[in-house]
Each structure stands twice: as C-alpha cells, then as structure tokens.
Amino acid sequence: MAIKVISFDIDGTIIDFKYNIAFWDEAIPHLYAKRHGISLEAAKKIVLEENDKVGQKDIRWYKPSFWFEKFDLGDHKTILNDLKHHVNIYSDTVPALKSLHKKFKLIVVTANTNEFVDIKLEVENMGSFFDKKFSVIDDFNGIKTPDVFKTVAETLHVLPEEIVHVGDDPQFDYVMPRELGINAFLIDRPDAYELFKKPEYRKNVDESHIIKDLRELVRKVDEMGT
Ligand SMILES: [Mg+2]
C-alpha cells in the first residue's frame, strides 16, 4: 500500500539526549537540592526513586508540571526555555526531513508534552517540516499504544498501512505501532539508551527493520514505493 505519512519520534530519533539530560537528570535534582537544603547526590537519589514509583506507564511521569509541583520547585516554564541551547539535532535529520517532506506528510508522535515539542522543534525551524505534531500525553492522555496510534491514523484520515513510523524505543516506537499495522522502523544510533540495546527489550524487532540513521529511512521508504 502506498505510503502517505511519515511519523517521527523526537528524542533519540531526530535530536539527541542532551536537552533531556540537562532537564531531567541535572536541573531537577539541582533545584530539588537547593529547595530542600540537601546535597545534590541525595537529591538525585530521591528524584530517581520518586520517578520509579510513578513509572513510565503513568502519563504524569512525562509532565514537567507534575514533578515541579510534587517537588515544590516553582515554575517549570522558565527552566524549560533556559535549557533550549541543549537541543542538539542529529546531522542526518534536516537533510532527511527536507527530502521526505517533498513527497509525504510528515508528523511527530511523541511522549514529550507540547511544551517540550515547541522548544525542541523550534531549533533550526525544524517544526516547519511537520504537518502535525501529536503529543500523545497532552493530546490523547496516553502513552504510545496501538490505540493511540489508531487515533493518530484516524485523525489524519489514513490507514495504519499508509504510515511509516520511526523511533528509538523498541517497544513504544516499534512493537506498539507494528501491532496496528503501521510500518515501523527502529532507529539504532550510537548514543541509544542502554535499555533499548538490551536483547530482551528488542527481541520482537525484525533485523530488516533496524536502521542506523535517517538517511537509511529515506532509502527504506523509497524501496517501499509511493
Ligand atoms: Mg525516543
């Protein structure tokens, strides 16, 4: 079936993890330590423990507003903006978007909240390549499940088979969309999360659906025909 839409994950797919590290792993523990008068090491431990208690299946886990309120850290919006210079686009991203943009509708499907999406896609005006940006957290109150991908397809008036999705998470970007019939590809970059590289976490991924960068995605999509 002809491909009409190419869907992208954000972190680890079109930009690297520098911004996320600066926000989640550095800024939050730092602010927590300052606010509660404890050492940075102690704060890091508490923040991690609290993150784990909520867990990635709970949409609150993805919301900066939830954590800032929970930890009593004040307004999160200024911090989000202050860290903007950490957004770092992979070198193959913009050329791939430029090329694919000519033939297909491009979208983003992400577990970033809309605030993050706005900040991350503002860099190099990347946002202008995308026809639609779906924050599954804010827009569908969910995480990346087959149901959420189904809603995305319905919103765009296309069939799952007419969508290609690419992302770095073997479960949320590959298994979930594939379950619905979306042509999903797993991007396996050198800086991928340790968890994502574990054989047991990627055991359901077909080798032929693993790509190293977005140049390879352009070739894969070409091979699929239009
Ligand atoms: Mg990702």
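Guide: Phe-149 touches Lys-144, Pro-160, Met-176, Pro-177, Leu-180 and Ile-182, leaving aside residues up to four places away in sequence; contact means that C-beta atoms, placed from the backbone, lie within 7 Å. The model is a predicted one, in which local features need pLDDT of at least 70, side-chain atom pairs count only at pLDDT 80 or more, and totals for chains, interfaces and linings use all residues. Residues are numbered from 1 along each chain as its sequence is written.

Met-176, Pro-177 and Leu-180 are among the buried residues of α9. A residue is buried if 20 or more other C-beta atoms lie within 10 Å of its own, exposed if 12 or fewer, and partly exposed in between, with C-beta atoms placed from the backbone. Because 8 of the 11 residues of helix α9 (residues 170-180) are buried, this helix is largely enclosed by the rest of the structure. Helices (H or I, at least four residues) and strands (E, at least two) are DSSP runs, numbered from the N terminus. The buried residues of α9 pack against α8 (146-156), β4 (163-167), β5 (183-187) and α10 (194-197). Just after α9, Gly-181 adopts a positive phi of about 105 degrees.

In β5, Asn-183, Phe-185 and Ile-187 point one way and Ala-184 and Leu-186 the other, and all are buried. β4 and β5 run parallel, joined by 4 bridges; strands pair if DSSP finds at least two bridges between them. His-165 stands opposite Ala-184 in β5.

Key
Two residues are in contact if their C-beta atoms, placed from the backbone, lie within 7 Å.
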